[in-house]
Amino acid sequence: MEPTREQAWETLTRYTKSESLLRHALAVEASTAAYARKFGEDEELWRVAALLHDFDYEMHPTLDKHPQDGAPILREEGYPEEVIDTVLSHAEHLALPRDTQLKKALFACDEMSGFIHACALVRPTGLEGLEPKSVKKKLKQPSFAAGVHRDEVYAGAELLGLDLDRHIANVIEAMRGSAAELGLERTASA
Ligand SMILES: [Fe+2]
Ligand SMILES: [Fe+2]
């Protein structure tokens, strides 16, 4: 059975109540889905994997449990192994191969969308007018959004075979389409 985006959202929201985690899931979903369309891949399946990648983080906030202890739950819920494999592969500490376009895209969108979210939050106009140039500048300031692993941001773009500017622009554009749900909608005059 092919899982649906709706089913993944239902699973995610059953295990995750934190607004910031839900926004993270939606940001990763929007960016991963944009790559699915660009690459002509299965957008619905890519959305499912993106929404679920951190579904267990609220109950398993440490790396000795996340995401590996979430996998049996996803299996029980009937998600295909491709989704479970992909979810597991986003975790650096598991050192699993990112050997599909979906795994690459998920990894590339995870830290990048978080970083862009942080950039947009400190701008009065949010995502509007945010340029790759200013994102790159902030990437070089270690104290800004210090929790975002810069090496993973760079590795993600490389994994997709995209230059950093292109990848940043793609993720900004994808997130713009979901600005309201991401809490990043600003009034035009703000
Ligand atoms: Fe994670
Ligand atoms: Fe994540």
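Colleague: What spacing do the donors of the iron ion (ligand 1) follow along the chain?

Modeller: In this predicted model, the iron ion (ligand 1) is coordinated by Asp54 through OD and by His66 and His90 through NE2, at 2.1 to 2.3 Å. Read along the chain, these donors follow the spacing D-x11-H-x23-H.

Colleague: Why does the pair of histidine 66 and histidine 90 tie together parts that are apart in sequence, and by how many residues?

Modeller: Histidine 66 belongs to the loop between α3 (43-52) and α4 (71-76). Histidine 90 sits in the loop between α5 (81-89) and α6 (101-121), so the parts that the pair ties together are apart in sequence by 24 residues.

Colleague: Which residue bridges the iron ion (ligand 1) and the iron ion (ligand 2)?

Modeller: The two iron ions lie 4.1 Å apart. The residue that bridges them is aspartate 54.

Colleague: Is asparagine 170 buried or exposed?

Modeller: Asparagine 170 is part of helix α9, residues 164-176. Buried means under 20% relative accessible area. Because its relative accessibility is 6%, asparagine 170 counts as buried.

Colleague: With which side chain does the side chain of asparagine 170 make a polar contact?

Modeller: Leaving aside residues up to four places away in sequence, asparagine 170 touches Tyr35, Lys38 and Leu162. The polar contact, at 3.0 Å, is with the side chain of tyrosine 35.

Colleague: What radius of gyration does the protein have?

Modeller: The protein has 9 helices and 0 strands. For 190 residues, a compact globule would have a radius of gyration near 16 Å. The protein agrees with this, at 16 Å.

Terms used: Residues are numbered from 1 along each chain as its sequence is written. Chains are lettered from A and ligands numbered from 1 in the order in which they are written. This is a predicted model: local features need pLDDT of at least 70, side-chain atom pairs count only at pLDDT 80 or more; totals for chains, interfaces and linings use all residues. Side-chain values use heavy atoms; hydrogens and water are left out. Donors are N, O and S atoms within 2.8 Å of the metal (3.2 Å for Na, K and Ca); water is not among the atoms, so sites may look incomplete. Helices (H or I, at least four residues) and strands (E, at least two) are DSSP runs, numbered from the N terminus. Buried means under 20% relative accessible area, exposed over 50%, partly exposed in between (1.4 Å probe, protein chains only). A polar contact is a pair of N or O atoms within 3.5 Å; within protein, one must be able to donate a hydrogen and the other to accept it, and residues adjacent in sequence count only if both atoms are side-chain atoms. Contact means heavy atoms within 4.5 Å. The radius of gyration is taken over C-alpha atoms; the globule rule is 2.2 Å times the number of residues to the power 0.38.
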